[in-house]
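Take a look at the structure below. A short report on some of its contacts follows.

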Amino acid sequence: MDSDCLSLLPAVCLVLADPKQSPPDDTSLEKLLDWFKEMHSQSNEQVLLQHQPCFKEFISSVCTSKTTDPAILSFTLKLTGLLACTKQGFHLLEVGGLLVCVFEREAWFVCDLWEDASVRSGWLQGLLNMLKHRQALDFICGNGLLKVILQLQNDGSLFVACLANQLLVHILNFLTSSNMTNGSDAVESRESSLSPDWVSVSSEIMNGVVEALSSDDHPRVLQGLRLLSSVPSQCGEPIRSTLWKDVLVPLEVLINRGSESLTQPLMTVLQAAVRTPLLGQSEYKVEELLEAMLGSGNKNESFQCAALTIKLEKCPEGLKRKAIDIVLLPLQCVSAQSQDTAEKMNLALKEQLSQKASCISHLMQSLSSLEELAYTKYQFEGISIHSVTSSVVLLLRICSGHYPSSLIQNNASTHLIGCCKVQRCGLDTLGALSVYEENMNIRKDIFGVLLDYLKSPDSHATVLKKTYQATVSWIAVCSPFPDLLQFISHDLFPVLKKRMCDLRWEVRDSTLEFITQLTVALNGNSGFIEALHTSGMVSILLSSLADSEGYVRASAVAVVGEAVDSFLHHTVLVSKSNLLEEALKQMMTILSQDTEGFPRRAVVKAFTSWLKGSHLVTAVHPFLSSVLSLGCNDFDWEVKMHTLELAEVLMEKTLTCCPYAVQNFGSSEKELMQALSKLKEFGLFDLLFNSLFDCDRPVCAKGRWEF
Amino acid sequence: MKLYCLSGHPTLPCNVLKFKSTTIMLDCGLDTTAALSFLPLPLVHSPRLSKLPGWVSKDGAINLEKELKECSGRVFVDSQPEFCLPEKELLDLSTIDVILISNYHCMMALPYITEHTGFTGTVYATEPTLQIGRLLMEELVTFMERVPKAHAASCWKNKDIQRLLPSPLKDAADVWSWRTCYSMSEVNSALSKVQLVGYSQKVELFGAVLVTPLSSGYSLGSSNWIIQSHYEKVSYVSGSSLLTTHPQPMEQGSLKNSDVLILTGLTQIPTANPDGMLGEFCSNLSMTIRGGGNVLVPCYSSGVIYDLLECLYQFMDSANLGSTPFYFISPVANSSLEFSQIFAEWLCQNKQSKVYLPEPPFPHAELIQTNKLKHYPSIHGDFSSEFRQPCVVFTGHPSLRFGDVVHFMELWGKSGLNTIIFTEPDFSYLDALAPYQPLAMKCVYCPIDTRLNFHQVSKLLKDIQPLHVVCPEPYTQPPPAQAHRSDLMLELQPPPMAYRRCSVLGLPFRRRYERIQLLPELAKSLVPSEIKPGVSVATVSAVLQSKDNKHVLQPVPKPAPVPPSKKRKRVMEEPPEVLNPKPLLSGAVPLEPFLATLHKNGIMEVKVEETADGHILHLQAEDVLIQLEEDGTHIICDNNEPLRTALRDLVLRFLQKL
């Protein structure tokens with residue numbers, strides 16, 4: 001196919017170079033370039049250019065044309081770069097002076113074209129494509145193109161400026177790469193110093209960065225910071241440390257100036273530096289700079305910096321502690337219950353908390369940082385995790401409007417009542433804080449606030465979902481406590497019963513999911529299982545199987561599956577209930593009649609899970625052939641996939657004398673025949689044969705694999 | 001301008017506004033919470049209620065066995081329930097010119113005001129307000145008249161006795177103003193005084209003010225009112241809603257630029273969001289039905305019930321409860337359901353457009369057609385034979401003191417499977433349930449109040465920017481149970497003027513202008529002279545005619561020609577003597593030129609003193625003072641009339657004459 005395409009190439013080039021033809025859209029030009037790139041990587045390096053002289057003609061005609069379209073010129077620049085990325089290609093193009101003709105914009109017949117951003121972008125991309133060998137760098141530096149690249153760093157077009165930055169980083173990186181050092185001593189030379197030939201190149205770029213950072217022009221500073229943030233990770237020594245030394249002074253000035261709009265880019269730079277050996281060396285002042293960024297915690301950006309600092313992978317401990325102190329301030333301020341605590345808060349923070357937007361953003365930073373720390377089970381020093389958790393609980397109470405009157409009055413509470421954003425974030429954090437054993441003695445408070453959220457008629461569906469997640473985390477860690485069962489059966493179950501009848505299907509769905517998770521988490525807890533089956537929950541679960549919403553029915557199937565499973569562990573309960581019969585009856589109805597795929601998939605999954613366990617094998621046997629046949633003929637390919645999984649488990653369970661199983665190698669043939677005939681009775685072979693010819697590829701593959 | 005506050009209840013207001021020469025009553029709400037002090041009126045003989053012990057004080061000194069009964073640890077009055085009327089003594093109700101009604105819940109005291117007080121005015125209300133208000137009154141009368149009581153209890157109201165009674169009877173206020181329900185003939189007579197108005201219709205009251213009803217979005221036909229003269233505007237906001245329910249949305253734009261905004265009828269449950277409550281209602285209902293129990297919803301026969309039925313119409317099928325019957329039992333159930341379907345023009349756009357399809361605007365029509373919703377005038381008759389359980393019953397009265405609901409409380413109260421769901425916010429559900437204790441049935445409180453909450457009202461006030469706001473006192477402080485919730489009160493600049501029952505407020509603005517019409521022939525005769533660019537003045541001699549609060553300047557009639565006869569004319573018929581008016585002066589006396597003129601006229605010794613308003617010139621030799629001020633010049637010159645005249649003429653040289 002490629003050879004056919006190549007034969008068309010001269011004609012394509014002619015069309016592209018013809019100014020009378022309207023240029024094709026960018027996408028097709030990009031696709032063409034992608035194809036060239038692929039061809040280039042596959043073929044012997046020089047083949048393309050040598051065997052396709054049309055390229056040179058095309059490039060030359062575009063550059064000398066007086067009516068070139070910007071899109072075609074941009075394409076040509078990128079193409080030329082691509083063709084010149086090998087030494088041979090570069091040489092072929094350089095010989096005829098074509099390279100200069102392409103990249104020297106003074107050589108173009110239409111100078112105005114430079115005004116077009118796509119042309120500038122193509123020019124940079126071309127150079128970037130080309131910069132794979134030393135000659136290319138010689139070409140760039142020798143023709144004074146570096147100055148142009150530095151200028152383009154401040155281009156009006158963001159794409160161009162970004163590309164210029166990328167190219168400059170690439171040049172710096174290239175200076176220390178093996179391409180420049182030729183041979184085995186590459187590593188050493190990279191580590192030690194730069195070849196004197198290239199010192200001027202690197203200093204020109206570095207001076208550009210220093211100038212940009214010292215500039216009063218905000219966009220220029222931003223570009224400088226962007227370049228700087230790429231250097232530590234992408235460039236090796238000595239470029240990294242040299243550049244860092246150069247920019248240290250302007251960087252300090254910028255940090256001390258404390259401009260809010262620069263916080264994020266400055267932190268990105270510092271984040272990049274933290275990941276390198278620069279961090280450990282005092283002369284590079286990385287830690288000092290980070291500390292300066294944090295300031296005293298009274299500026300708006302301090303909180304953002306603190307939140308970012310906490311996220312740093314290799315953050316020095318002292319700095320992290322300071323950041324934690326700062327980031328928790330808004331949370332402590334809002335939930336201050338004594339005048340003493342309130343007075344400690346600085347005025348600037350109070351002012352920020354009195355404005356809705358900054359109040360919510362600061363609290364979100366506090367909460368998400370706390371959540372992040374909790375995930376790593378960070379051991380706080382000087383702060384009691386107990387009091388932090390209580391603050392989160394109090395904040396959640398403020399958000400629901402049920403806060404104690406002892407709370408110091410501030411405007412923040414007015415902004416927070418009913419604020420779903422903070423509620424969700426707070427609940428996530430509260431869930432994460434369950435890892436700390438110290439919190440066990442305030443579990444009553446925690447379950448109290450969670451219950452309030454579950455009860456509240458105003459809780460948004462997403463807030464309820466988060467409440468369920470947090471509740472599961474806490475229940476999982478509190479399972480050894482005897483008062484947990486009391487809470488579940490007396491407080492939680494009545495609320496869940498009501499939520500299963502909620503007007504919003506999302507709430508019904510997440511409630512059922514929650515009960516599933518709860519049943520899984522407390523599966524071994526006989527008290528829980530007894531409470532589940534004697535509290536009237538099961539009848540509501542069964543009625544949820546007929547919910548009007550497919551997703552809810554699917555979740556109901558899952559939870560009923562779990563309930564049945566847990567139930568069968570308790571022989572005392574089994575005799576008193578017809579749960580299994582009722583569940584099987586309704587599930588079979590769903591599998592055969594439900595119009596939506598989710599509930600049907602859930603039914604097959606429930607059977608698979610039952611089959612995997614040991615209790616239900618005999619009880620479900622009479623239904624298996626129907627399940628396999630219904631699953632096999634289902635319109636939904638995922639139902640078929642799940643049916644094949646069920647078949648797989650069935651085979652495992654039945655073929656205890658499988659000839660391929662080493663441990664059963666000696667089993668008699670008779671037993672095998674019996675097992676196979678049993679599988680045949682279930683209709684398993686029909687299922688497998690049908691799946692082999694299924695129109696859905698994954699089903700076919702799975703069927704084939706099972707065979 | 002004054003406001004007389006006859007009711008302190010924030011959502012059942014009754015205020016009287018004296019504005020220009022008119023006396024306007026704004027709503028006449030009836031506070032029915034007084035009924036909670038009375039024993040329920042059972043529709044079917046209740047052995048429990050009939051055997052209650054009478055109350056005797058502990059020392060046996062007071063024996064009110066016949067009037068007061070002890071029930072479930074509380075003392076109730078065993079008599080026809082009574083209601084707390086608006087204050088009648090604060091002003092003479094016969095002087096009221098008009099009554100403006102904002103919605104059907106705020107007119108229930110109308111017969112008490114219009115009958116037997118000498119009231120001769122007109123009541124203005126929209127058609128749905130009148131018709132549904134009539135239904136509610138009719139229902140109330142039927143509830144009372146169905147279960148007559150032989151004796152009326154009044155001894156307990158005696159001050160000396162009342163203070164010795166147990167709470168809450170001891171603390172009941174104004175018990176002497178409590179009255180039993182009116183009769184149907186009084187209702188008919190009161191409603192015959194109603195004149196119907198449409199939204200944005202301008203009604204002129206005695207030529208003095210214009211009143212206009214605006215849609216308030218709360219209930220069918222509910223309105224806010226604008227009361228305005230040419231130069232003043234008072235807005236009356238009562239029971240408004242910004243939620244999308246069945247009525248036409250609230251019109252806000254016309255409330256802008258008010259001098260005074262009287263704000264009443266905010267939500268009674270500011271912490272309960274109606275959507276959340278509707279969700280609670282549905283889930284509790286569904287849970288009870290699934291558990292095999294019945295649901296009792298004590299409610300008014302119009303209003304939120306339409307939204308509840310609509311919500312249930314969608315919910316029941318999705319919750320798989322499609323076969324559960326709903327019963328709506330009220331003497332006016334049928335009319336209420338039918339009226340709601342015919343007031344299409346008063347409904348929200350979505351429902352209005354259904355009428356053109358044509359489809360009934362509310363889905364309860366379909367519920368009735370499919371026999372899912374059945375309505376009966378009473379529990380007697382067809383209902384008892386068709387009644388099927390488990391079911392949902394909507395019936396009144398929400399106070400649980402009278403109406404068919406009393407029977408259901410007696411019937412279902414003993415089973416824990418059943419649930420009573422309170423949706424009306426007017427009564428404390430614990431007080432309502434007090435005579436039924438101990439109660440096994442579950443109680444759920446889901447008050448659905450769609451009226452404005454504090455957040456919405458703050459936003460509304462920011463938009464419409466009235467100069468002054470007048471509101472009931474409870475709106476100026478957080479609710480007593482949540483004293484720290486400063487978000488549940490009105491915080492305005494300037495602070496709102498708060499009123500309570502019996503307050504008389506002088507509204508904080510003075511009328512400064514009155515519009516007078518100039519007849520064209522008089523206008524033609526005017527000779528304007530420009531006193532400064534863009535401002536011309538002219539003197540007018542005319543006769544001011546004031547009639548029906550309209551003022552017209554007419555030309556002075558010419559004196560009749562002297563009749564040829566020498567008969568003496570009657571003095572009375574002589575036209576008024578028209579004197580040539582003295583010229584009017586304008587302009588200012590400039591100091592320096594005036595001093596120069598004085599000098600020229602031989603007055604040399606002038607001492608000039610600067611004052612706050614201008615200058616005082618002391619003519620020392622003549623001992624005369626001339627005060628030159630912005631709006632007046634005074635020459636103080638004792639016993640020298642020629643000098644005074646001379647000085648006056650000098651002053652006049654500098655002024656323009658009209």
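## A buried threonine

B:Thr11 is buried, with a relative accessible area of 4%. Buried means under 20% relative accessible area, exposed over 50%, and partly exposed in between (1.4 Å probe, protein chains only). B:Thr11 sits in the loop between strand E1 (2-5) and strand E2 (15-19) of chain B. Strands (E, at least two residues) and helices (H or I, at least four) are DSSP runs, numbered from the N terminus.

The side chain of B:Thr11 makes a polar contact with the side chain of B:Gln268, at 3.4 Å. A polar contact is a pair of N or O atoms within 3.5 Å; within protein, one must be able to donate a hydrogen and the other to accept it, and residues adjacent in sequence count only if both atoms are side-chain atoms. Leaving aside neighbours within four places in sequence, B:Thr11 is in contact with residues including B:Cys106, B:Arg451 and B:Tyr475. Contact means heavy atoms within 4.5 Å.

## About the model

This is a predicted model: local features need pLDDT of at least 70, side-chain atom pairs count only at pLDDT 80 or more, and totals for chains, interfaces and linings use all residues. Residues are numbered from 1 along each chain as its sequence is written, chains are lettered from A and ligands numbered from 1 in the order in which they are written, and side-chain values use heavy atoms, with hydrogens and water left out.

## Where the chains meet

22 residues of chain A are in contact with 21 residues of chain B. In chain A, A:Lys498, A:Cys501 and A:Leu503 lose the most area to chain B, together 33% of what that side buries. Buried area is the accessible area (1.4 Å probe) that two parts lose on being put together, summed over both.

How many salt bridges cross the interface of chain A and chain B? The rule finds one. A:Lys498 pairs with B:Glu280, the closest N and O atoms being 2.8 Å apart. A salt bridge is a side-chain nitrogen of Lys or Arg within 4 Å of a carboxyl oxygen of Asp or Glu.

## Salt bridges within chains

The whole structure has 39 salt bridges over all chains. One joins A:Arg600 and A:Asp634 (2.7 Å, N to O). A:Arg600 lies in helix H36 and A:Asp634 in the loop between helices H37 and H38 of chain A, so the pair ties together parts that are 34 residues apart in sequence. Both residues are buried.

In chain B, B:Arg644 and B:Glu641 also meet in a salt bridge, at 2.8 Å. They are three residues apart in helix H17, so about one helical turn separates them.
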